[in-house]
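Entries follow in the order I checked things.

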Amino acid sequence: MMEKDIFEQATVEQLVKGFIEDEQSYTCIFCGDVIEKGIIYPHNERLLEAQKYMEVHIQTQHQSSFHYFIQLNKKMTGLTEQQSHVMKAFYEGKTDQQIQQELAIGSASTIRQYRFALREKERQAKTFLAMMTLLKEQEENPVEYVPIHATATMVDERYHVTREEEEEVLRKLFPNGLEGQLVRFPKKQKQKVIVLRAITSMLDQTKRYTEQELNAAIAKYDPDYVTIRRYLIEYGFVDRENDGSAYWVKK
């Protein structure tokens, strides 16, 4: 699962690099891995400084920042599936004719239209970012919304949750804190998202669970682990092998 709080705070330059830097470390925007400064890291019989090691991490674990972003859904990128395929082909350096043949769309002139449309989106995005920056500066008490997880499958009003709403729901449904039992699994869709996000945050983000292990992890919060496991998958928090042999937190 993308580290959304990190993502929300990152600049465009940091998103391009795939990591943010502070005085002590480098943090991967996509998975939250932290590389501490001042340490030499071994990799393939080479010794790498921290920044270079983070760059290698991005390449080996996520292929590149571009490849990570291009596989996100339309709610995150604003691109249709066809636009994503074309943009990926552009990134790979393919000619208009190669793209037209591989994707079987229109003609070479159609691909040129895609290039033009993407440049228009870039101009619009710059203008929109400038407007949003000015809007935030104007607001005295801006409402802080909980970031939508990048792997969400159904993005609609149920994800419009403020930090205040989230805290209120969690206090009500987890009266003993997030390490305690869930009072009940809510019926309201917005509350479901809040609870599922909280449970996901308490799972091991790097572990591949067996079904029994995942059931046990969920049962600590609610004995109806079957329902919660189903919703975790349905809402895009957790993925699994087709045969159910392994489950993991989606990234």
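**Entry 1: H7 against H8.** I am working from a predicted model. I looked up the angle between helix H7 (residues 96–103) and helix H8 (residues 108–138), and it is about 105 degrees. Angles of 65 to 115 degrees count as roughly perpendicular, so H7 and H8 are roughly perpendicular to each other. Their axes lie 8 Å apart. Next I listed who makes the contact. H7 contributes Asp-96, Ile-99 and Gln-100. H8 contributes Ala-108, Ile-111, Arg-112 and Arg-115. I sorted the residues of this contact by class and found three nonpolar, one polar and three charged.

**Entry 2: H10 against H12.** I then took helix H10 (residues 189–201) and helix H12 (residues 225–234). They pack at an angle of about 95 degrees, with axes 10 Å apart. That makes H10 roughly perpendicular to H12. From H10, the contact uses Lys-192, Leu-196, Ile-199 and Thr-200. From H12, Ile-228, Tyr-231 and Leu-232 take part. By class I noted five nonpolar, one polar and one charged residues for H10 with H12. The spacing along a helix is worth a note here. An α-helix has 3.6 residues a turn, so residues three or four places apart point the same way.

**Entry 3: the largest nonpolar core.** Which residues touch the most other members of the largest nonpolar core? They are Phe-174, Leu-182, Leu-196 and Ile-228, out of 30 residues in that core. Helix H9 (163–173), H10, helix H11 (211–219), H12 and strand S7 (247–249) each supply at least two residues. H10 gives the largest share, six residues. Leaving out residues up to four places away in sequence, Phe-174 touches Gly-180, Gln-181, Leu-182, Val-195, Ile-199 and Tyr-221. Another core, of 17 residues, lies apart from the largest one. Leu-15, Tyr-26, Cys-31 and Tyr-68 are among its members.

**Entry 4: helix H3.** Last, I checked the length of helix H3 (residues 50–62). At 1.5 Å a residue, its 13 residues should span 18 Å. The end C-alpha atoms of H3 are 17 Å apart, which agrees. Which residues of H3 are buried? I wrote down Ala-50, Met-54, Val-56, His-57, Ile-58 and His-62. Gln-63 follows H3, and the phi of Gln-63 is positive, near 70 degrees.

Key
Residues are numbered from 1 along each chain as its sequence is written. This is a predicted model: local features need pLDDT of at least 70, side-chain atom pairs count only at pLDDT 80 or more; totals for chains, interfaces and linings use all residues. Side-chain values use heavy atoms; hydrogens and water are left out. Axes are lines fitted to C-alpha atoms, for helices over the stretch in contact, and angles run from 0 to 180 degrees between N-to-C directions. Helices (H or I, at least four residues) and strands (E, at least two) are DSSP runs, numbered from the N terminus. Angles under 35 degrees count as roughly parallel, over 145 as roughly antiparallel, 65 to 115 as roughly perpendicular and the rest as oblique. Contact means heavy atoms within 4.5 Å. Ala, Val, Leu, Ile, Met, Phe, Trp, Tyr, Cys and Pro count as nonpolar, Asp, Glu, Lys and Arg as charged, and the others, Gly among them, as polar. A nonpolar core is a set of buried Ala, Val, Leu, Ile, Met, Phe, Trp, Tyr and Cys residues joined through side-chain atoms within 4.5 Å. Buried means under 20% relative accessible area, exposed over 50%, partly exposed in between (1.4 Å probe, protein chains only). The expected span of a helix is 1.5 Å times one less than its number of residues.
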